[in-house]
Amino acid sequence: MSIVDVIDRAKAEGRTVLTEIESKQVLEEAGIPTTTARLAKTAEEAVNAAKEFGYPAVLKVVSPDVTHKSDVGGVRLGLDSPEAVAAAFGEIAQAVKSALGGDARIDGVAVQKMARPGIEVIIGMSKDPQFGPVLMFGLGGILVEVLKDVAFRIVPLEPRDARQMVREIKGFPVLQGFRGQEPADLEALEKLLLKVSAFVEAHPEIEELDLNPVFAYKDGAIAVDARIVVG
Ligand code: ADP
Ligand code: MG
């Protein structure tokens, strides 16, 4: 399904927030690498999907009532067998129901492959009333939440903007590698920023975008969580 079809279907269903699965579909079509996710409505479907993607697998709740999936026990990582996947399916449903109450809508789980660990970074887009779409780049986790260590640029980005963004955050040394951790592929991050810029420029109906986190490796980078909000 094309980007426009996914957005139109969401709108027809009265939704402005695309699911992780839908968000990753449209990002991939735009050439932005993600851990592709597939919807499973039963434990059996989850096991079949995990088998196709390969182990270890990750399961995440798919629900219009959930924004932060891990806050409600909706993310299970490192599932290394069909039994672990089947058990996680039930545990997620249970955890989300007890966090949100019995009438929370759960559409199923998103099954995807567990990505190998990398440096967690965040790429976001929000719309400024004056400047329009603005891209944000920062390091993941507490660095962005507590220290607000982020760089902003107005869309469309020039290659020079992308270069500066990854280098101007205080946490830049982390991207260069430390204590034996592999450094991040800065060129891949710059390319990713430019692709996201082109993507949101081409689709003005996108109001918000969050790739949180992106795992950065010494060769390449991949979005493991994605959220797109349309107008
Ligand atoms: P949310 O942000 O809604 O709580 P995420 O999808 O970001 O949920 O998952 C929570 C955390 O789990 C991520 O920050 C990341 O560290 C890890 N994670 C999620 N998906 C994957 C994956 N496919 N491979 C490896 N780690 C993952
Ligand atoms: Mg996330």
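1. In this predicted model, a polar side-chain atom of Q112 is 3.0 Å from a nitrogen atom of ligand 1. A nitrogen atom of ligand 1 also lies 2.8 Å from a backbone N or O atom of A115. For S70, an N or O atom of the side chain is 2.4 Å from an oxygen atom of ligand 1. A polar contact is a pair of N or O atoms within 3.5 Å.

2. Ligand 1 on its own exposes 540 Å², and the protein buries 85% of this area. Accessible areas come from the Shrake-Rupley method with a 1.4 Å probe.

3. The space that ligand 1 takes is the largest pocket. A pocket is an open set of points on a 1 Å grid over the protein atoms alone, where a 1.4 Å probe fits, with protein on both sides within 12 Å along at least five of seven lines. A molecule sits in a pocket if more than half of its atoms lie within 2 Å of its grid points.

4. The most come from β8, with 3 residues. Strands are DSSP runs (E, at least two residues) and helices likewise (H or I, at least four), numbered from the N terminus.

5. Ligand 1 is surrounded by 19 residues, and the closest are K60, K69, S70, A115 and E120. A residue is near a molecule if one of its heavy atoms lies within 4 Å of it. The shell divides into 8 nonpolar, 6 polar and 5 charged residues. Asp, Glu, Lys and Arg count as charged, Ala, Val, Leu, Ile, Met, Phe, Trp, Tyr, Cys and Pro as nonpolar, and the others, Gly among them, as polar.

6. The protein chain has 8 helices and 10 strands.

7. Some backbone points deserve a look. The peptide bond from Y55 to P56 is cis, with omega near -5 degrees, and P56 is in the loop between α3 (43-53) and β2. V155 and P156 are also joined by a cis peptide bond, with omega about 0 degrees.

8. Residues are numbered from 1 along each chain as its sequence is written, and chains are lettered from A and ligands numbered from 1 in the order in which they are written. Local features need pLDDT of at least 70, side-chain atom pairs count only at pLDDT 80 or more, and totals for chains, interfaces and linings use all residues, while side-chain values use heavy atoms, with hydrogens and water left out.

Note on methods:
A polar contact is a pair of N or O atoms within 3.5 Å; within protein, one must be able to donate a hydrogen and the other to accept it, and residues adjacent in sequence count only if both atoms are side-chain atoms. On a 1 Å grid over the protein atoms alone, a cavity is a set of points where a 1.4 Å probe fits but cannot get out, and a pocket is an open set with protein on both sides within 12 Å along at least five of seven lines; lining residues have an atom within 4 Å of a point.
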